[in-house]
Amino acid sequence: MTSSSRRMSHPLARTLYLSFIVGGALLLPACRGGQPASQSGSNTSDPPPATQQPTSHGIDESAIDASVAPGDDFFRYANGAWLKRTQIPPDRGSYGVWSVLFDRAQQRTRDLLEKAAAGSPPAGSDERKIGDYYATYLDEEAIEKKGLDPLREALSGIEALPDKRALATWIGQHLRADVDPLNMTNFYTDRLFGVWVAQNLNDPSHNVPYLLQGGLGLPDRDYYVQRGARMDGIRSAYRGHIASMLKLAGIDKAEERAAAIFDLERRIANAHATRTESVDVHKANNPWSRDEFGRRAPGLDWNALFAGARLDRSPTIIVWHPVAFRGISALVQSVPMETWRDYLTFHEIDRYSGLLPKAFVDESFAFYGKVLSGTPQQQERWKRAVNATSDALGEAVGKLYVQRYFPPDAKTQLQEMVTAIVAAFDRRLDALTWMSPKTKGSAKAKLASLKVGIGYPDTWRDYSTLAIVRGDAVGNAMRAGVFDYQQRLQELERAPDRGQWWLDPQTVNAVNLPIQNALNFPAAILEPPFYDPQASTAARYGAIGATIGHEISHSFDDQGSQFDATGRLANWWTLEDLAHFKAASGKLVAQYGAYSPFPDLHENGQLTLSENIADVAGLSAAHDAYRASGGTDDRTFFLSFGQSWQTKTREEGARQQVLTDGHALDEYRADTVRNLDAWYAPFDVKPGQRLYLSPGDRVRVW
Ligand SMILES: [Zn+2]
């Protein structure tokens, strides 16, 4: 939603997929799996036609390997023939259902943008704006001719900053709404601080600004402070990158300046909270009055900063990283102006490097793409242009996208499924014997007010005051960032809107929004084979139904229990219930810990527990809802679930996922079925088979 050229997130997000964009595009799937997804890397080979629609609906019988007993290996029974005939494209780490969805959404967005750019939509219309933005991004010849001119005004503004008060004003004026610690768990901004506007953790009736730490060029503090040859290499390459950018911009003493800039960043990093601390919302809940900043974080002229940022009407600001604010503020005071001017200069150039001449683009990719993320080849320009336009004008693109690609009857059908799955979840809560009436009452109240967004928001963002000028690539990106920030600030004047969306409709992703007590399922994920309006009811409940159930259950687990039905930060579990929840999950820890994808490597049942609970709960609620609809085709229901995990991953990525990710490998997630009684009969599963569990060992948490 902003124009930032780089955005980094962490796979702790309660999203399906997570954006992790480093000088290109690389997505780390979250709730659906953790390996780097297909779209990482480049264009060396074309994937299968992205916009092709399935010729059949529901189960792909041709994917099944009938030589495998479902009771021994359900994932390979459901997908074995597909696995044998599918090769992972050479430029990708994995390939499967999610790659197909991503490629399709990207190609469709491209079609919309090409059409808008080639036609002559009315001046000022959304279509005109997205067409102009896209065409301008693609016009490399014009960009080359302009050189560094588009940044001259900003750079001379930085050069003319006389003192620390002016510095504070400048920092304030250039803050953007570019972080989101709770929904997308995006903690990264290259600006000194990041702004997030959302409902107050302590007061559901008001929105409030949140301020987060920022100011680093590398993704996280660990890159500055961790020892070891790999990090040493990255740091050295980054210093080289800073110097190269300054040289390209014709700035003298580049090496000397780069050393000082890096040293300042290293000191900022030392002040930063760790990632683990950042995800602890209780550590982040620090409401400061504006007057308190000068006392709690002395050194920075906060009044000047707030005036520049237009935050001077907010009586309270929630400071997510109080210790970092103290440290960074002290650095503003102690570090000389010359270093701060150099630091701001470098970041201004670096931030917009993708919209500058080719030498800047190549230098940026050489560091952020190759060194930092190991991507051998940069994405084609059109893909970057699609991403950038979607980022800057998300809902303008999204509105056209759903008009063309998301039929109203799909939304109606999905809303009916959501209603049925919520009702099934509610019945499952009623049936729980171990949960106290108090906790149960709170859970039911939260479920009753859960707001599930399907496809797209009820109201669209109005872009009429945003000027997009054909031929002004950098200016367009800057104006889009300012526009987005102003839109967010306006929310401070309004009551919180639980219907607010945090993903654009053309995004292949889904997200749980804890303080809105809401879920977003964008149109681009509601697509075959995952969701097919023409597939049978059984196939739909087995695939998208189970995922809807998965996301719902996150609102009620160890994480979700921190927020009550109104989104207030308040634990509603009794201690006894929480202890029981953890104990009951022990069996699931053992079940997943027994899976070993390679002879020397086991899944980590503890690391993947929350997601595995959500998988079992989601599949169970979806199955209940399917049965309640009168359905009896359990074979199709479970096969559809098994095929929704259809993915092939390279060994390196699979190993990394097992070691570091909160999600088990897709094949074991497909095997979740063994915990449901209804799976056993249609697949004739017998004691002694590998996946067979005696009824007492089948896990039911919810
Ligand atoms: Zn999840």
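## Aromatic contacts in a predicted model

Ring pairs join seven named residues into a cluster: Phe 425, Trp 434, Phe 556, Trp 572, Trp 573, Phe 581 and Trp 702. The model is predicted. Its aromatic pairs number 43, counting rings whose centres lie within 6.5 Å.

A pair of aromatic rings is described by the distance of the centres and the angle of the planes. Two pairs are set out here.

| Pair | Centre distance | Plane angle |
|---|---|---|
| Phe 406 and Tyr 456 | 6.1 Å | 85 degrees |
| Phe 556 and Trp 572 | 6.3 Å | 75 degrees |

Take Phe 406 and Tyr 456. Their planes stand at 85 degrees, so the pair is edge-to-face; the cut-off for that class is over 60. Phe 406 sits in the loop between helix H18 (394–405) and helix H19 (408–431). Tyr 456 sits in the loop between strand S8 (451–455) and helix H21 (473–490). The pair therefore ties together parts that are 50 residues apart in sequence. Phe 406 is buried, at 6% relative accessibility. Tyr 456 is partly exposed, at 23%.

Now Phe 556 and Trp 572. Their planes are at 75 degrees, so this pair is edge-to-face. Both residues lie in the loop between helix H22 (537–554) and helix H23 (575–584), 16 residues apart. Phe 556 and Trp 572 are both buried.

Where does the charged end of Arg 488 sit? It is over the ring of Trp 502, 4.9 Å from the centre of that ring. Arg 655 lies over the face of Phe 598, with 4.4 Å to the ring centre.

Terms used: Residues numbered from 1 in each chain as written. Predicted model: local features only at pLDDT ≥ 70, side-chain atom pairs only at ≥ 80, totals over all residues. Heavy atoms only, no water. Phe/Tyr/Trp six-rings, centres within 6.5 Å; stacked < 30°, edge-to-face > 60°. Helix = DSSP H or I, 4+ residues; strand = E, 2+ residues; numbered from the N terminus. Buried < 20%, exposed > 50% of the residue type's maximum accessible area, 1.4 Å probe, protein only. Lys NZ or Arg CZ within 6 Å of the ring centre and 35° of its normal.
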